[in-house]
Amino acid sequence: MNERAQIQVFGETDVGWCAATPPNETTDEDGRPLIQDKGFTAPDPRAPRRRAYDDPEVCALRERLRRHNGLPGLEIVGPDEVERARRIFFRDGFVVVRDLLDAARLAAFREGSARVLKQILDIPGVGGRKYVTETARLPHRYSYGTSSASRQLLHEPVWASMVDLPTTTPILSSLFGGDDYWVIGAGGDLCLPGAIEYQTLHSDNRETFQLTPERLAHARRLGVELRAAADGVGLDDRARQLALERTPPRVTINFLMSDLTFENGPIRQIPGTQARPGSPPTQADEPEWMRLSTLVGAPAGAGVFRDPRAWHGGTPNLSREIRAMPNVEYAAPWCEAGAFKPSMPHEVWLGLSEHARKICDRIKTSPGEWPAGAGVMHPLANRRSEAKGSPSDVPGRRQQPGR
Ligand SMILES: [Fe+2]
């Protein structure tokens with residue numbers, strides 16, 4: 001089949017829709033298919049029973065999504081509306097900003113996203129399946145980050161080139177209250193046509209509810225009034241909650257390679273959930289309004305600035321278009337240095353802007369050092385561990401940064 005010879009992450013494609021892959025099936029670390037009832041892989045009890053474009057249950061779901069999918073009144077702001085973006089981000093836990101990528105950057109990111117995806121899909125599936133499902137994910141859904149043996153894609157010059165853009169840096173500086181934030185990683189996720197299941201609602205990072213002196217100082221810098229509690233011990237409840245909400249440990253920008261439509265797996269975000277102590281609902285308990293709370297209407301070239309503590313999840317891709325959202329992940333200035341791991345080769349780092357070099361300082365390697373595992377994409381956890389454990393087994397990797 002030559003469907004993978006010309007993968008594109010926008011427009012119609014023959015990729016996906018593997019009817020031989022049962023609904024809700026994932027794989028273990030070695031690729032053995034199984035159903036797992038927890039985490040990202042909790043089965044979607046409402047999923048169609050066949051992974052086929054014209055299956056009646058798929059068609060019925062597609063019709064329901066055509067009529068109802070998408071957050072009503074979703075605000076999409078321009079990259080120059082920095083204050084508005086900040087207001088919406090702190091209110092909702094995310095904000096969609098259009099035109100983050102110009103035509104050249106969008107084309108470059110689409111090329112990189114397709115090329116890296118091809119590496120994943122080129123690995124043949126078992127038992128007649130077209131693809132290998134990623135360990136601990138639902139079928140036809142992949143993470144660019146976790147599929148990489150280095151856990152990041154910052155060795156890819158395309159990803160590295162997106163960390164400091166004229167459209168994103170002013171908004172990031174506003175959200176972090178200055179320009180002393182850090183890049184901590186880059187990757188993103190995608191779903192193929194035929195990803196018929198909803199991914200469980202989740203947070204990427206759970207709030208720790210720890211307000212360290214550094215975090216409190218940061219909250220003060222962001223304008224949070226740190227009033228003491230009436231009994232003089234600690235903060236009053238309102239100040240404490242506001243400090244937690246306004247100091248996300250991470251901010252992620254997911255860039256959209258295609259328009260998000262009702263049927264191509266638009267991400268769902270539940271507004272206002274970024275600093276809640278409770279857990280999101282399970283698959284069985286999730287109400288329909290949350291399943292429909294998606295970012296339909298966000299255009300290609302836009303991005304979603306996400307507080308990754310906010311509840312979110314993947315939704316069915318019932319179209320014939322791949323939905324890819326490569327990302328860059330940033331950490332707050334107060335985050336402890338131990339959280340950062342080298343994933344950007346020094347030689348890639350050298351080619352970046354002055355500001356980009358500054359914010360990537362904690363994740364770059366020493367000169368001549370190649371990040372362990374970088375360049376190996378594999379859906380299976382144990383294959384990635386092997387690659388990471390013995391990078392010298394990967395011929396030419398040290399000589400070929402970015403590939
Ligand atoms: Fe997530």
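This report describes an iron site, a helix pair and several individual residues in a predicted model.

Residues are numbered from 1 along each chain as its sequence is written, and side-chain values use heavy atoms, with hydrogens and water left out. Because the model is predicted, local features need a pLDDT of at least 70 and side-chain atom pairs count only at pLDDT 80 or more, while totals for chains, interfaces and linings use all residues.

**The iron site**

The iron ion has His202 (NE2), Asp204 (OD) and His312 (NE2) as its protein donors, which lie 2.2 Å from it; donors are N, O and S atoms within 2.8 Å of the metal (3.2 Å for Na, K and Ca), and water is not among the atoms, so sites may look incomplete. Along the sequence these donor residues follow the spacing H-x1-D-x107-H. Distant parts of the chain are linked by the two histidines, 110 residues apart, with histidine 202 in the loop between strand E6 (182-191) and helix H6 (213-221) and histidine 312 in strand E10 (residues 312-313). Helices (H or I, at least four residues) and strands (E, at least two) are DSSP runs, numbered from the N terminus. Histidine 202 counts as buried because its relative accessibility is 11%, and histidine 312 likewise counts as buried, at 5%; buried means under 20% relative accessible area, exposed over 50%, and partly exposed in between (1.4 Å probe, protein chains only).

Helix H5 (residues 169-176) is mostly covered, with seven of its eight residues buried, among them Ile171, Leu172, Leu175 and Phe176. Just after H5, glycine 177 takes a positive phi of about 70°. Helix H2 (residues 82-92) packs against H5 at an angle of about 50°, with the axes 9 Å apart, where axes are lines fitted to C-alpha atoms, for helices over the stretch in contact, and angles run from 0 to 180 degrees between N-to-C directions. The two helices are therefore oblique to each other, since angles under 35 degrees count as roughly parallel, over 145 as roughly antiparallel, 65 to 115 as roughly perpendicular and the rest as oblique. On the H2 side the contact (heavy atoms within 4.5 Å) is made by Val82, Glu83, Ala85, Arg86, Phe89 and Phe90, and on the H5 side by Pro170, Ile171, Ser174 and Leu175.

Valine 82 in helix H2 is partly exposed, with a relative accessible area of 22%. Leaving out residues up to four places away in sequence, valine 82 touches Pro170, Ile171 and Ser174. The C-alpha atoms of valine 82 and serine 173 are separated by 9.6 Å, although these residues are 91 residues apart along the chain.

**Individual loop residues**

Aspartate 44, in the loop between strand E2 (33-34) and helix H1 (56-68), is buried, with a relative accessible area of 1%. The side chain of aspartate 44 reaches the backbone nitrogen of arginine 46 at 2.9 Å. Leaving out residues up to four places away in sequence, aspartate 44 touches Asn24, Ile196, Glu197, Tyr198, Gln283 and Arg291.

Most residues other than glycine have a negative phi.

How values were computed
Polar contact = N/O pair within 3.5 Å; in protein donor to acceptor, adjacent residues only side chain to side chain.
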